[in-house]
Amino acid sequence: MDFLTDFTDLSGEFSVADIAISLSLSFVLSCVISLVYRRTHRNVSYSQSYVQTLIVMGMIIAMIMLIVGSNVARAFALVGALSIIRFRNALKETRDVGYIFLVMGVGMACGTRFYLLAVIATAVICLVLLIMHRFNWFAHSVERQVVKVQVPAHEDLSGDVDDVLIRFTDEFEQVSMETIRGGALTEMTFTVKLKSGKRPADLLAALRDVTQGQQATVLTGYDQTDL
């Protein structure tokens with residue numbers, strides 16, 4: 001059997017120790033990154049499956065890099081094979097993409113046996129993420145409200161509503177206008193920035209005076225006020 005004598009074990013390009021170290025280190029570092037993700041996550045869109053995927057992805061990338069090694073032909077073959085994969089799930093936050101690239105980079109470093117680089121990069125980047133979370137870097141403190149005003153459809157009260165908004169806000173912008181209740185009412189929606197010292201309740205009371213008692217609503221990031 002000639003094929004037996006010509007057979008070459010390609011796994012001889014890396015040792016069992018290389019496999020164990022690469023996969024183990026990528027697992028540990030991916031877990032660290034996942035813990036930082038969980039610690040710094042602010043919104044309600046947290047997904048356990050996403051975090052578990054981060055860990056598995058780091059190990060898979062490490063395995064792929066072990067397979068590729070320095071063989072260019074093998075690298076192109078893997079690119080072609082992996083290009084058929086399509087992801088249908090939309091990420092809820094742009095920062096989630098950053099974590100995906102982070103675990104991919106760590107997995108690549110582990111798979112190519114740049115172990116020190118993988119450890120240092122994980123430590124530094126995770127520290128930066130924790131610092132940004134702790135000190136709330138680049139937060140935008142401007143608070144805006146959404147104001148919805150209903151007026152009788154047969155009367156043009158938009159000028160009166162604008163006068164009230166000018167008195168109570170530093171700036172405002174109308175974003176929509178639609179008819180409701182079978183055309184009996186017109187609902188106007190604005191984004192506004194209240195003047196310093198002005199309360200939403202005062203704005204609503206002034207709007208109520210010019211809308212003939214129809215409903216007005218102020219939506220903020222914290223509560224909702226109606227009149």
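Is S26 buried or exposed? Select S26 to find out. At 0% relative accessibility, S26 counts as buried. Buried means under 20% relative accessible area; exposed means over 50%, and partly exposed lies in between (1.4 Å probe, protein chains only).

Before moving on, note that this is a predicted model, in which local features need pLDDT of at least 70, side-chain atom pairs count only at pLDDT 80 or more, and totals for chains, interfaces and linings use all residues. Residues are numbered from 1 along each chain as its sequence is written, and side-chain values use heavy atoms, with hydrogens and water left out.

**Stop 1: around S26**

Keep S26 selected. It sits in helix 2. Helices (H or I, at least four residues) and strands (E, at least two) are DSSP runs, numbered from the N terminus. Now show the contacts of S26, meaning heavy atoms within 4.5 Å. Leaving aside neighbours within four places in sequence, S26 is in contact with G58, M59, A62 and C110.

**Stop 2: the annotated spans**

Residues 20-37 are 100% helix and 0% strand, with end C-alpha atoms 26 Å apart. Residues 97-130 are 91% helix and 0% strand. The end C-alpha atoms of residues 97-130 lie 17 Å apart.

**Stop 3: H41**

Select H41, in the loop between helix 2 (16-40) and helix 3 (48-68). H41 counts as buried, at 12% relative accessibility. Not counting residues up to four places away in sequence, H41 touches Y46, E93 and R95.

**Stop 4: strand 3**

Select residues 185-194, which form strand 3. Eight of its 10 residues are buried, so strand 3 is largely enclosed by the rest of the structure.

Which strands pair with strand 3? Two strands pair if DSSP finds at least two bridges between them. Strand 1 (residues 145-152) pairs with strand 3 in the antiparallel sense, over eight bridges. Here P152 has L185 as its bridge partner. Strand 2 (residues 169-180) also runs antiparallel to strand 3, joined by 10 bridges. Look for Q174, which stands opposite F190 in strand 3.

End at the hairpin of strand 2 and strand 3, with four residues between the strands. Select R181 there: its phi is positive, near 55°.
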